[in-house]
Amino acid sequence: MNRRMSLLRTVVCRAVVSAMTAFAIAGAALGADIPLDKRRSGYADLGRDSKAMQDDDTINPATLWVLDGEALWKEKTGAANRACADCHQDATISMKGVAARYPAFSPARKAPIDLEQRINLCRSEHQQAPPLAYESHDLLALTAYVGRQSRGMAVTPPSDGRLTPFIEAGRKLFTRRIGQIDMSCAQCHDDNWGKKLAGSLIPQAQPTGYPIYRLEWQSLGSLQRRLRNCMTGLRAEAYEYGAPENVNLELFLMWRARGMQVETPAVRP
Amino acid sequence: MARPLINVPAKIKRGQVFEIKTLISHIMETGFRYTTTGAQIPRDIVTAFSCSYNGEEIFRADLYPAISANPFLTFFTTATESGTLDFKWIGDKGFSETATAKIVVE
């Protein structure tokens, strides 16, 4: 009885505290948000050659992953010996707009999941195949192929009330100072975008083109890789691939980019 | 998964100059990098590329470690006869890849 009472007290306390922080964050962050009409994709700041690379599928190296993804989509795999296409048929129809609304809420996990996790969930549930590792060629290829079907569509985060606390959690991470450098994402990407950090332009961190072909990486990479990249840059310990913190950040960034155009697969320096 | 991607116009007028675009997936490991334990990562690059038009070589390139991953090569030639364009990439570790494209000259 005693134990239950103290547990109840803790829960109530926590609820009050989290409600207070939610108000505080909403109040503090609202002023700092980039006005909707001032948002710009990193594409706008690309050089002429990089723009040409993204615009032309025959030049864009990400096409190599998209084509591999198309092959994987039709390939039977796992103990169930089923291909993605066996359930979803033609991806150019069934996957249209899917990447534009991910991360989405998973009732089974009671949390948002990103596109990579959705693909792996499909693999384990329907194909009875082992999950693909983050940043593996096959997972990037499938994500790029699915993402490609939403190119040109508007980012439309689902209007799902269950996602609200996770978006707020993502915002909290975005505005929290981390690492030895002791800076938050927002200090660069909300407050100082368009200025220079050393020789490089600070972008707004709009996640509209993932997975991206990043010239620095010489490869395709996911949004989580990019997030971890920034965290390491701040000399903070990066969250593991698939960690809820990373997914919450992805969710917040997609919400922040709502209405912007999907560019997948984009090219970035 | 090495996969070449070729882009040439399907139809073209005789005597016209046209562009050939080639892209191939390759890591182009320079051989200058080391693992965290200090072991050298051996060089693994595409070393040569050639293109022939109806059997006649029209373009050749040697590639070196400074060339980035997934090399993209583009060049021009004059449309003379209908036929095939043959592409060949050769590289370290016995890497060899070919591709062909058909072209109709009117």
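1. Asp56(A) and Lys21(B) form a salt bridge through their side chains, with N to O at 2.8 Å. The model is predicted, so read this distance as computed from predicted coordinates. Between chain B and chain A the count is one salt bridge.

2. Three residue pairs are in polar contact between chain B and chain A, both residues being at pLDDT 80 or more. On the side of chain B that touches chain A, the elements giving two or more residues are β1 (4-7) and β3 (17-24) of chain B. β3(B) gives the most, with three residues. By type, the residues on this side of chain B are six nonpolar, four polar and two charged.

3. Now the extent of the interface. Twelve residues of chain B are in contact with 16 residues of chain A. The buried area between the two chains is about 1,200 Å². Carbon and sulfur atoms give 63% of that area.

4. A separate point concerns Asn246(A). This residue lies in helix α11 of chain A, which covers residues 244-256. Is Asn246(A) buried or exposed? Its relative accessible area is 0%, under the 20% cut-off, so Asn246(A) counts as buried.

5. The side chain of Asn246(A) has polar partners. One is the side chain of Gln224(A), in a polar contact of 3.5 Å. Another is the backbone oxygen of Tyr239(A), reached at 3.2 Å. Beyond four places in sequence, the residues in contact with Asn246(A) also include Leu227(A), Arg228(A), Met231(A), Glu240(A) and Tyr241(A).

Methods. Residues are numbered from 1 along each chain as its sequence is written. Chains are lettered from A and ligands numbered from 1 in the order in which they are written. This is a predicted model: local features need pLDDT of at least 70, side-chain atom pairs count only at pLDDT 80 or more; totals for chains, interfaces and linings use all residues. Side-chain values use heavy atoms; hydrogens and water are left out. Helices (H or I, at least four residues) and strands (E, at least two) are DSSP runs, numbered from the N terminus. Buried means under 20% relative accessible area, exposed over 50%, partly exposed in between (1.4 Å probe, protein chains only). A polar contact is a pair of N or O atoms within 3.5 Å; within protein, one must be able to donate a hydrogen and the other to accept it, and residues adjacent in sequence count only if both atoms are side-chain atoms. Contact means heavy atoms within 4.5 Å. Buried area is the accessible area (1.4 Å probe) that two parts lose on being put together, summed over both. A salt bridge is a side-chain nitrogen of Lys or Arg within 4 Å of a carboxyl oxygen of Asp or Glu. Ala, Val, Leu, Ile, Met, Phe, Trp, Tyr, Cys and Pro count as nonpolar, Asp, Glu, Lys and Arg as charged, and the others, Gly among them, as polar.
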